[in-house]
Amino acid sequence: MRSLSIALASALALTACSSGGDAEETTAGAAACAPSSGPVTLTYTTWIPGIDNVVKVWNEKNPNIQVKVQTGPNGNGGTYANFFNQLKAGNAPDLGHIEYDALPSFRVQDGLTNLADCSEVTAAKDQFVDWTWGQVTFGEQNSVYGVPQDAGPMALFYRKDLFEKNKIPVPTTWDEYAAAAEKVKAAGGYITNFSQSDINQFAGFAWQAGGRWFANDGTKWTVNLQDEATTKVANYWQGLIDKKLVSSVPPWTTEWDNAYNTGQAWTWTSAVWGANSIMSGAPATKGKWAVAPMPQWTAGGTVAGNWGGSATAVFKGSKHPYEAAKFALWLNTSEEALTLLNKEAQLYPATKAGAKLPALSEGVEFYGGQKIYDVFATASTQVAPDFVWGPTMTSTYATASDSFKGAVSGSGTLLDALKTTQTKTIENLKSQAIPVAE
């Protein structure tokens with residue numbers, strides 16, 4: 001796979017952090033974000049459930065670096081818009097919760113503090129799964145625009161009881177998956193529900209297949225939502241849609257939950273957080289599910305996609321970037337914080353050690369006692385590190401969602417939807433004076 005660089009078009013001012021010991025220490029002659037003198041209070045905006053309980057532990061142990069939590073809706077639900085407004089007004093919080101696919105938007109707006117000169121941050125690089133570190137550095141030299149928080153490696157959730165009852169082998173390739181879909185349909189079900197509006201899943205499919213939607217050569221952005229790999233993925237799912245082998249109810253709805261709770265839908269290729277979605281949405285199926293690696297395009301392959309994940313970023317304008325970086329590292333690397341984040345919000349850690357947390361090493365009763373997180377731990381190491389998000393993903397997703405709905409209903413195809421999305425994405429970039437390669 002080709003290595004992509006996402007060095008941005010303009011040389012943006014970088015805020016430096018000094019290295020140091022404890023946050024309470026003072027360092028003579030330190031750089032711009034040396035430890036502050038005296039106690040500080042940081043503001044941190046996020047939508048992570050139960051985050052107050054996690055931050056409380058930090059505050060009890062760090063009386064001179066207190067963190068005040070501000071909660072809001074998820075990123076695209078309003079928090080990102082608030083962040084941009086706050087950055088423009090000069091009153092952004094010190095830290096913010098930002099998903100990987102949204103980070104480039106903040107980067108091109110020069111809204112993030114570069115933490116690359118903080119030795120504690122750069123020294124933590126090897127603690128993180130490689131691809132997650134790439135999501136916060138964008139492939140740039142001497143750049144770190146956040147601390148990876150969680151990841152969404154993908155695998156196959158499947159109704160083990162139904163596959164066994166109908167003597168259908170669990171598919172290991174996408175060809176086998178299509179063949180299984182025919183058998184599942186004959187048995188009165190659908191192999192899965194194709195999301196007609198949540199394009200993040202499709203992005204994960206393209207990521208696994210080798211699709212690379214965006215690139216930047218240091219001067220201009222390249223947009224290609226119709227590359228060979230993505231076209232292959234689109235044609236594959238279009239075939240299943242045309243043959244009516246998949247359902248297409250809106251995701252995250254009662255109808256969607258009911259399809260899984262009643263056995264109408266037999267599989268879901270999803271991220272690690274999907275385990276809790278199934279448990280809460282399909283309680284009647286307890287003990288009937290299992291997890292297997294994501295089907296491969298090539299027999300014997302070991303490539304996974306990713307769906308989701310986020311970072312803790314320090315915003316430009318923070319008066320205490322050193323302390324903010326120190327808190328972000330604790331939040332996303334300490335066993336204590338990672339354990340609490342998993343307990344409170346089921347976040348799957350971006351660190352290598354996080355995959356070995358006791359809570360993630362046990363069998364899960366809902367999944368018949370299977371140690372399902374072992375599957376995701378392996379998958380996380382199989383995600384390609386060179387997938388780049390564009391700087392206007394919110395609008396890209398909105399266009400794709402509208403277009404995918406049309407394709408699912410028979411008005412056009414998924415390839416048509418991708419073509420429309422690419423055209424409008426390029427138009428959007430140009431309207432914001434972001435250089436685009438023709």
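## Contacts around S247

Two residues are in contact when heavy atoms of theirs lie within 4.5 Å. By that rule, S247 touches Y190, T192, N193 and F194, leaving aside residues up to four places away in sequence. S247 sits in the loop between α9 and α10 (254-261), where helices (H or I, at least four residues) and strands (E, at least two) are DSSP runs numbered from the N terminus. S247 is buried, with a relative accessible area of 8%; buried means under 20% relative accessible area, exposed means over 50%, and partly exposed lies in between, with a 1.4 Å probe and protein chains only.

This is a predicted model, in which local features need pLDDT of at least 70 and side-chain atom pairs count only at pLDDT 80 or more, while totals for chains, interfaces and linings use all residues. Residues are numbered from 1 along each chain as its sequence is written, and side-chain values use heavy atoms, with hydrogens and water left out.

## The protein as a whole

The secondary structure of the protein comes to 16 helices and nine strands. Its radius of gyration is 22 Å, close to the 22 Å that the globule rule gives for 438 residues, so the protein is as compact as a globular protein of that length; the radius is taken over C-alpha atoms, and the rule is 2.2 Å times the number of residues to the power 0.38. Taken along the principal axes, the C-alpha atoms fill a box of roughly 75 × 50 × 35 Å.

Of the 438 residues in the protein, 56% are buried. Among contacts between residues at least 6 apart in sequence, 76% join residues at least 24 apart.

## Two enclosed helices, α5 and α8

Six of the eight residues of helix α5 (residues 130-137) are buried, so this helix is largely enclosed by the rest of the structure. The buried residues are W131, T132, W133, Q135, V136 and T137, and they pack against α3 (103-108), α4 (119-122), β4 (147-159), α8, β9 (306-314) and α14 (372-380). Just after α5, F138 takes a positive phi of about 60°.

In helix α8, 10 of the 11 residues are buried, so α8 too is largely enclosed by the rest of the structure. Among these buried residues are I199, F202, F205, W207 and A209. The residue that follows α8 is G210, whose phi is positive, near 105°.

## How α8 meets α9

Helix α8 (residues 199-209) and helix α9 (residues 228-242) pack at an angle of about 125°, with their axes 8 Å apart; axes are lines fitted to C-alpha atoms, for helices over the stretch in contact, and angles run from 0 to 180 degrees between N-to-C directions. That angle makes α8 oblique to α9, given that angles under 35 degrees count as roughly parallel, over 145 as roughly antiparallel, 65 to 115 as roughly perpendicular and the rest as oblique. The crossing of α8 and α9 is right-handed, a term used if the near helix is turned clockwise from the far one by less than a right angle, with left-handed used if anticlockwise.

The contact is made by F202, F205, A206 and A209 of α8 together with A229, T230, K232, V233, A234 and W237 of α9. These residues divide into eight nonpolar, one polar and one charged, where Ala, Val, Leu, Ile, Met, Phe, Trp, Tyr, Cys and Pro count as nonpolar, Asp, Glu, Lys and Arg as charged, and the others, Gly among them, as polar. An α-helix has 3.6 residues a turn, so residues three or four places apart point the same way.

The axes of helix α1 (residues 51-61) and helix α13 (residues 335-345) come within 8 Å and cross at roughly 160°, which makes α1 roughly antiparallel to α13. This crossing of α1 and α13 is right-handed. I51, N53, V54, V57 and K61 of α1 make the contact with E336, A337, L340, L341 and E344 of α13, and by class the contact has six nonpolar, one polar and three charged residues.

For helix α15 (residues 393-408) and helix α16 (residues 414-431), the axes come within 8 Å and cross at roughly 155°, which makes α15 roughly antiparallel to α16. The crossing of α15 and α16 is right-handed. Residues including T399, S403 and F404 in α15 meet residues including L418, T421 and T425 in α16, and the contact has six nonpolar, eight polar and one charged residues.
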